[in-house]
Amino acid sequence: MIIKKTPEQIEKMHRAGRVLAEVIEDLKDAVKPGARLSDIDALAERSIRLRGAVPSFLGYRGFPASICASVNEEIVHGIPGPRVLEEGDILSADFGLILDEWHADSAYTYPVGEIDERSAHLLETTKRALDAAIEQCYPGKRIGDIGSAVEAVVNEAGFSVVREYAGHGIGRSLHEDPQVLNYGSPGRGPLLEPGWVLAIEPMVNAGAWQTRILDDGWTVVTADGSVSAHFEHTVAITEEGPLVLTAPARVPA
């Protein structure tokens, strides 16, 4: 069942989303060669709690950290531990927090120092795929339009969309209906309606789309060892169109 949110509830989620955007910004200086993933996770948790929120992921289904930290061929659900980042890595960090009972969910792939041209193109493509998906978030469009938009951008770049993992509805629960695939056919699936709030999260591999899970039971990696990028926003469907709840606050000119 898809749970619609009132304008007042969406505003509460927007406050949570703006806080999460600040946390993501806080980590940009910390993600650099020589940084330890466990230290980045600790910084993220401090940043979340200092703003009066709590991490969504810590303890969720037994997950042992506040963020998911996935490096290079790791796609999602990486557990931040003693690994040290190296020049040329890319770090896909997935963030979630709860503020006043409402969840916000976002992901950002950070370049670690100077990265190679293919990795840079992968990050740029994944960002554009997320932007293209958000552009479909108008009442009267369909869920399939979102996935189709992602897939079109990714395929044109010669990369592949992860198919086993998807976006989702979000609200007082981290995961709600509907499922939001990153591939599909335009004009298919349920009609988007005002009051829906979706976590849209393209995961894009430089190689093939197939994945596998490591022995820790969490970390998802590309089956062929190619690098992967992940960007995500929490987006509300309004009468006027998409409202990106996890976008950074605009600084007045």
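Tutor: What follows starts with a helix pair and then turns to ring pairs, prolines and backbone geometry.

The model is predicted, and what is said below about angles, contacts and accessibility is to be read with that in mind. Two packed helices are described by the angle between their axes and the distance between the axes. Here the pair is helix α3, residues 117-134, and helix α4, residues 143-157, whose axes lie 8 Å apart at an angle of about 155 degrees. Because angles over 145 degrees count as roughly antiparallel, α3 is roughly antiparallel to α4. The crossing in which α3 passes α4 is right-handed. On the α3 side the residues that meet the partner helix are His121, Thr125, Arg128, Ala129, Ala132 and Ala133, while α4 contributes Ile146, Ala149, Val150, Val153, Val154 and Ala157. Sorted by class, this contact of α3 with α4 comprises nine nonpolar residues, two polar ones and one charged one.

Turning to the aromatic side chains, a search of the whole structure returns three aromatic pairs. In one of them, phenylalanine 63 and tryptophan 218 have ring centres 5.0 Å apart and ring planes at 80 degrees, and the pair is therefore edge-to-face, since planes over 60 degrees apart fall in that class. This pair links distant parts of the chain, as its members are 155 residues apart: phenylalanine 63 sits in the loop between β1 (54-55) and β2 (68-71), and tryptophan 218 in the loop between β11 (211-213) and β12 (220-222). Phenylalanine 63 is buried, at a relative accessible area of 4%, whereas tryptophan 218 is partly exposed, at 23%.

The rings of tyrosine 108 and phenylalanine 231 also form an edge-to-face pair, with centres 5.3 Å apart and planes at 80 degrees. Here too distant parts of the chain are linked, across 123 residues, with tyrosine 108 in strand β5 (residues 102-111) and phenylalanine 231 in the loop between β13 (228-230) and β14 (233-238). Phenylalanine 231 is buried, its relative accessible area being 4%. Ring pairs also join Tyr108, Tyr110 and Phe231 into a cluster.

Among the prolines, proline 242 belongs to strand β15, residues 241-244, and with a relative accessibility of 28% it counts as partly exposed. Once its neighbours within four places in sequence are left aside, proline 242 is in contact with Ile134, Cys137, Tyr138, Val235 and Ala236. Of these, Ile134 falls within the residue range of helix α3, the helix with which this account began. Proline 242 and proline 139 are 103 residues apart in sequence, yet their C-alpha atoms are 8.9 Å apart in space. Proline 178, found in strand β8 (residues 176-180), is joined to aspartate 177 by a peptide bond that is cis, with omega near 0 degrees.

Aspartate 100 has a positive phi of about 50 degrees although it is not a glycine, and glutamate 101, which is not a glycine either, has a positive phi of about 80 degrees. Aspartate 100 counts as exposed, at 55% relative accessibility, and glutamate 101 is likewise exposed, at 55%.

Conventions: Residues are numbered from 1 along each chain as its sequence is written. This is a predicted model: local features need pLDDT of at least 70, side-chain atom pairs count only at pLDDT 80 or more; totals for chains, interfaces and linings use all residues. Side-chain values use heavy atoms; hydrogens and water are left out. Axes are lines fitted to C-alpha atoms, for helices over the stretch in contact, and angles run from 0 to 180 degrees between N-to-C directions. Helices (H or I, at least four residues) and strands (E, at least two) are DSSP runs, numbered from the N terminus. Angles under 35 degrees count as roughly parallel, over 145 as roughly antiparallel, 65 to 115 as roughly perpendicular and the rest as oblique. A crossing is left-handed if the near helix is turned anticlockwise from the far one by less than a right angle, and right-handed if clockwise. Contact means heavy atoms within 4.5 Å. Ala, Val, Leu, Ile, Met, Phe, Trp, Tyr, Cys and Pro count as nonpolar, Asp, Glu, Lys and Arg as charged, and the others, Gly among them, as polar. Rings of Phe, Tyr and Trp (its six-membered ring) pair if their centres lie within 6.5 Å; planes under 30 degrees apart count as stacked, over 60 as edge-to-face and the rest as tilted. Buried means under 20% relative accessible area, exposed over 50%, partly exposed in between (1.4 Å probe, protein chains only).
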